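This briefing is for a reader new to the structure. Please look over the sequence and the model before reading the points below.

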Amino acid sequence: MPEAKETVLEIDLGALAHNYRYLRSKIDKEVKFLSVVKAFAYGNDSVIIARKLEELGTDYFAVAYVEEGVHLRKNGITKPILVLHPQFTHFEEIIENCLEPNIYSEKILRSFIQTAERLKQKDYPVHIKFNTGLNRLGFDDHEVQLVRKLTAETSTIKIASVFSHLAASEDWKERDFTVGQIDLFRKMTWELIKDMDREPLLHICNTSGVINYPKAAFSMVRSGIGLYGFGNDKTVDPYLRPVSTLKTIISQIRKLDKGDTVGYNRSFKVEKPTRIATLPVGHADGINRIYGNGRAGVYINGSYAPIAGNVCMDIIMVDVTGIDCHEGDEVIVFGGPHHPVKFAEAGGTISYELITGIQRRVTRKVIPE
Ligand SMILES: *Cc1c(COP(=O)(O)O)cnc(C)c1O
């Protein structure tokens, strides 16, 4: 029986390399690849993941917030980094750290130009975001001429790319809507760039875009979830390998009888002789209370053990009746053959939320390629 030491999130760099190569194989060689490493690389470890992706040949990175980009720069990441959601208060820091802002509104555009002028920049790379139906960030159709005018008037910035984001690329029922987004993106982009002597990079596809709409790859794609092993579709998942596996250890095992209860609020009521194992992982580690009371479970020596009672902050109890296991044995919360999507679905959520929720206090352990 495998012995464990503590709760660890294993990060399988071989799986990351496999997923990167799989996604690249879906698009033409000339198309650039932007790796999305926001939210601590979807809960893995952004520096470890970004270093490996640089080695694999990624062309670009994206983070959500400026601090995430600064963290990568401080750790030696040199490829261009697009900051997807900057505020105007961050523009100096963006320039000081050679980060590249998403310019998504008139206020942001005017204010970035001002900062770039003040810091005597020339041709500073920026990324223009168009809203084509997600209605989250970006310029609307009627603002394209304004963007054109304001960017043409200044030499402090240059448009490194123009992009948009799909609202439902994983959902075939929304195919017409998605094709409409792609068409609108093409039209808005053309209006913006038709007189430029150099075409910026153009990109709209996220992971499911790459898989379902590879002809809309334009000159770059942006992938996050696919790199970490999820295809947003049961037919795609088998081609990808989840990068992260959450493992823990059995701290204690006890035998209980009818009438006993387990955990806070006594929500697990014992009906027959039962063995309960206590594990050092809880909602403060990212295993939310929604997974408790039998909704999700873990694997111990190949057998499924449902969570018994409420999830505590640092602990869960699982029902190991009939499972051959001992204190000190390894437990797989999710990962490997125990697909994280199944765990996420048991809690009514998706892979993105499960993996980004694994807290920083859980030790990361890198498995090299
Ligand atoms: C997070 C994000 C992505 C990555 O999407 P995946 O579905 O994880 O591939 C791409 N583009 C933007 C703008 C994002 O915010």
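The notes below cover the ligand site, the aromatic side chains and a pair of strands. The model is predicted, so local features need pLDDT of at least 70 and side-chain atom pairs count only at pLDDT 80 or more, while totals for chains, interfaces and linings use all residues. Residues are numbered from 1 along each chain as its sequence is written, and side-chain values use heavy atoms, with hydrogens and water left out.

**Ligand site**

- There are 13 residues around the ligand, and K38, Y42, T207, I225 and Y352 come nearest; a residue is near if one of its heavy atoms lies within 4 Å of the molecule.
- T207 has a polar side-chain atom 2.5 Å from an oxygen atom of the ligand.
- The backbone also takes part: an N or O atom of G224 lies 2.9 Å from a ligand oxygen atom, and one of I225 lies 2.8 Å from a ligand oxygen atom.
- The protein buries 94% of the 390 Å² that the ligand exposes when taken alone (Shrake-Rupley method, 1.4 Å probe).

**Aromatic side chains**

- The whole structure holds 11 aromatic pairs; rings of Phe, Tyr and Trp (its six-membered ring) pair if their centres lie within 6.5 Å, and planes under 30 degrees apart count as stacked, over 60 as edge-to-face and the rest as tilted.
- One of these pairs is Y20 with F33, edge-to-face at 4.9 Å centre to centre and 65° between the planes.
- That pair links distant parts of the chain, 13 residues apart: Y20 is in helix α1 (residues 13–25) and F33 in strand β2 (residues 32–36). Helices (H or I, at least four residues) and strands (E, at least two) are DSSP runs, numbered from the N terminus.
- F334 and F343 form a tilted pair, 5.8 Å centre to centre with 55° between the planes, and both are buried.
- Y42, Y228 and Y352 belong to one aromatic cluster.

**Charges over rings**

- The charged end of R360 sits over the ring of F40, 3.6 Å from its centre; this requires NZ of Lys or CZ of Arg within 6 Å of the ring centre and within 35 degrees of the ring normal.
- The charged end of K107 sits over the ring of F88, 4.4 Å from its centre.

**Strands β6 and β7**

- Strand β6 (residues 124–129) pairs with β7 in the parallel sense over 6 bridges; pairing needs at least two bridges found by DSSP.
- I128 stands opposite V162 in β7.
- In strand β7 (residues 157–163), 6 of the 7 residues are buried.

Note on methods. Buried < 20%, exposed > 50% of the residue type's maximum accessible area, 1.4 Å probe, protein only. Polar contact = N/O pair within 3.5 Å; in protein donor to acceptor, adjacent residues only side chain to side chain.
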